Amino acid sequence: MTAHHDKNNNNKKQWQLATKVIHAGSGHDDPHGALASPLYQTSTFKFADADQGSARFAGEEAGYIYSRLGNPTTHELETRVAELEGYEAAAAAATGMGAIAACTMAFLRAGDHIVVSDAIYGCSFALFSELFERFGVHADFVDLNDTDALQQSLQDNTRLVFLETPANPHLKLVDIAAVSQVIAGRDIRLIVDNTFMTPLLQQPKQQGADLVVHSATKFLNGHGDVVAGIVCGSAEDIALIKGTTLKDMGATISPHDAWLILRGLKTLDVRMQRHCENAEKVADFLVQHPGVRKVYYPGLADHPHHHLIGTQMKHAGAVIALELEGDEAQARYFLNQLQMIPLAVSLGDAETLIQHPASMTHSPYTPEARQKAGITDTLVRIAVGLEAADDIIADLQQALTASQQRWQQTA
Ligand SMILES: *Cc1c(COP(=O)(O)O)cnc(C)c1O
């Protein structure tokens with residue numbers, strides 16, 4: 001599957017990420033010389049003869065069989081993202097959760113134990129705390145910045161440590177290298193969910209991650225029209241995932257979605273620059289606004305893990321959480337005043353998106369668990385988009401002003 005352009009590019013390892021988002025990976029071998037990636041929208045592949053069919057099934061001959069097992073468009077995406085993250089291989093999945101389930105379950109059996117960051121995406125939390133428990137895998141949720149607590153949580157049957165940084169809802173950061181040092185020398189894989197950062201802002205492999213997983217629904221695709229996931233790792237680990245959990249549980253990506261993500265990826269570098277610039281401006285606006293009690297953004301000097309910016313991560317990214325003055329009704333009133341910014345979950349899209357974690361993304365939590373996690377009724381999350389920063393700020397400003405007026409009248 002090597003593309004003809006490979007032979008001219010012996011220096012491709014030196015390419016910068018801005019180039020790699022466009023050129024990295026296997027490329028494609030379209031017989032007509034198409035510039036854009038051909039979309040192999042096919043479920044199955046014809047064998048030239050019976051010998052070829054059996055040879056492919058036996059693994060004696062490379063080549064495609066059936067799209068749940070592999071597809072040329074999907075392969076092009078996998079090789080590109082693997083190279084961006086610095087790994088040998090990748091496996092694309094139908095959703096971020098499909099990738100997370102596939103890359104964890106491939107390494108687990110009943111009786112195993114896993115350690116998970118205490119700040120984690122809601123469905124990852126449900127997968128590890130509820131579903132895994134039913135199959136005899138126990139998860140302990142630990143503050144991974146507390147190396148003593150991490151050390152104490154490790155057992156002889158611990159097989160995985162799973163973390164996400166930055167994480168909802170308060171943009172908590174985890175020092176990946178510190179975690180990796182604690183588990184070094186043990187038979188434990190470190191898996192990092194890099195969705196909020198993308199490989200352009202953070203490459204967890206450099207800090208010792210064995211596998212990196214993404215919801216490609218978010219920044220990687222970037223256009224809000226796909227749900228997908230991808231996991232990157234060693235050739236051996238990815239072959240195992242593809243050959244077991246992905247193949248037999250079947251959360252494989254649609255070639256059409258892989259094609260859309262390849263298209264979205266080309267602009268990842270310019271998009272991330274704009275996302276980050278806009279987020280800084282929005283955070284600076286929010287901190288000085290009297291209607292805002294607290295802003296959670298790793299780029300602000302008062303963020304507890306601000307020191308990881310410039311070392312582990314190139315930039316704080318484009319997701320901001322804020323605590324509004326007032327009560328829940330006030331927060332809901334504020335959200336309803338927004339004119340341009342859509343009220344929607346997800347992140348990494350061209351549109352700035354805003355949502356209310358307590359009643360939306362984190363509503364499956366019990367009220368007690370929400371309180372423990374600091375998810376108050378006045379907490380709002382903004383995924384800063386690509387619009388002109390001034391227009392994003394103007395919309396937030398008018399909604400904050402309107403809701404402050406309401407608050408003063410009711411107080
Ligand atoms: C959205 C998200 C997921 C889940 O991805 P889907 O594509 O929605 O399945 C996992 N982790 C993080 C950090 C996310 O933001």
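The following legends describe close-up views of a predicted model.

**View 1. Lysine K218 and its annotation.** According to an unreviewed UniProt entry, K218 carries the annotation "modified residue: N6-(pyridoxal phosphate)lysine". In the chain, K218 is placed in the loop between β6 (211-215) and β7 (229-233).

**View 2. The surroundings of K218.** Is K218 buried or exposed? Because its relative accessibility is 10% and buried means under 20%, K218 counts as buried. When its neighbours within four places in sequence are left aside, K218 is in contact with T195, S346, L347 and G348.

**View 3. An open sheet of four strands.** The strands follow the order β8-β9-β11-β10, and their pairing is antiparallel. Each of the edge strands, β8 (292-296) and β10 (353-355), pairs on one side only. From one strand to the next, the twist averages 20°. As a general rule, strands of a sheet pair through backbone hydrogen bonds, in either a parallel or an antiparallel manner.

**View 4. The pairing of β8 with β9.** How many bridges join β8 to β9? Four bridges join β8 to β9 (residues 319-324), and these two strands run antiparallel.

View 5. Which strands does helix α11 lie across? Helix α11 (residues 268-287) lies across β8, β9 and β11 (379-383). The helix runs at about 10° to β9.

How values were computed: Residues numbered from 1 in each chain as written. Predicted model: local features only at pLDDT ≥ 70, side-chain atom pairs only at ≥ 80, totals over all residues. Heavy atoms only, no water. UniProt positions renumbered as here; feature names shortened; annotations may be inferred. Buried < 20%, exposed > 50% of the residue type's maximum accessible area, 1.4 Å probe, protein only. Contact = heavy atoms within 4.5 Å. Pairing = 2+ DSSP bridges. Axes fitted to C-alpha atoms, helices over the stretch in contact; angles between N-to-C directions.
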